[in-house]
Amino acid sequence: MSLGWEPLEAEDLDRLDAIQRVVHADLHEPRALLAEKRSLFPAGCRKLVGSAGMVGYALSHPWRLGCVPVLGAPLGPLPAWPDCLHMHDVAILPEGRGQGAAGIYAAHLRALARARGIDALACVSVYGTGPFWTRHGFAAASPQPAPGALRSYGAGAVYLTARLTA
């Protein structure tokens with residue numbers, strides 16, 4: 001199946017929610033919060049489309065390094081002076097995995113960050129995906145945020161960052 005990332009539109013939110021319920025059954029966020037993330041930073045929100053339709057999505061937004069957005073809570077206004085793009089979620093159904101789509105999205109975020117004068121990416125690794133994101137230039141942040149900051153992401157969550165170079 002040939003896949004490609006496209007802009008995420010408001011009319012895609014029902015499908016996004018359905019994908020989220022499969023990929024993140026234990027970390028499901030209300031549809032209204034997904035809509036908020038998309039409306040706050042459309043440039044960082046994409047859908048993964050193949051011949052069978054939408055098989056994944058990715059959400060990101062400008063943020064502050066070391067500050068972990070609470071999962072399941074509204075973001076509110078974005079920071080006036082962000083120093084990272086926070087990769088909130090990359091969710092791909094099994095039929096869309098293994099084709100390099102997550103790496104392509106990470107490259108998109110790097111270009112988006114550079115175009116905005118931002119020199120870092122950040123994310124929270126869940127479900128033991130840290131080694132996967134390490135292959136895409138992320139590393140466990142040191143120091144890690146306060147223990148309570150990651151609570152909403154479940155056991156084993158790790159805050160990762162990637163510094164961008166010219």
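Student: What should I know before I start?

Tutor: Residues are numbered from 1 along each chain as its sequence is written, and side-chain values use heavy atoms, without hydrogens or water. The model is predicted, so local features need pLDDT of at least 70 and side-chain atom pairs count only at pLDDT 80 or more, while totals for chains, interfaces and linings use all residues.

Student: Which residues of helix α2 are buried?

Tutor: Buried means under 20% relative accessible area with a 1.4 Å probe, protein chains only. Helices are DSSP runs of H or I, at least four residues, and strands are E runs of at least two, numbered from the N terminus. In α2 (residues 31-40), the buried ones are L33, L34, E36, K37 and R38. Their cover includes α1 (13-23), β3 (53-63) and β4 (84-92).

Student: How do I read the largest nonpolar core?

Tutor: A nonpolar core is a set of buried Ala, Val, Leu, Ile, Met, Phe, Trp, Tyr and Cys residues joined through side-chain atoms within 4.5 Å. Here the largest has 24 residues, and L85, M87, V90, L121, W133 and F138 touch the most other members. α3 gives the most to this core, seven residues.

Student: What does V90 touch?

Tutor: Contact means heavy atoms within 4.5 Å. Not counting residues up to four places away in sequence, V90 touches H24, Y57, A58, A102, Y105 and W133.

Key:
Buried means under 20% relative accessible area, exposed over 50%, partly exposed in between (1.4 Å probe, protein chains only).
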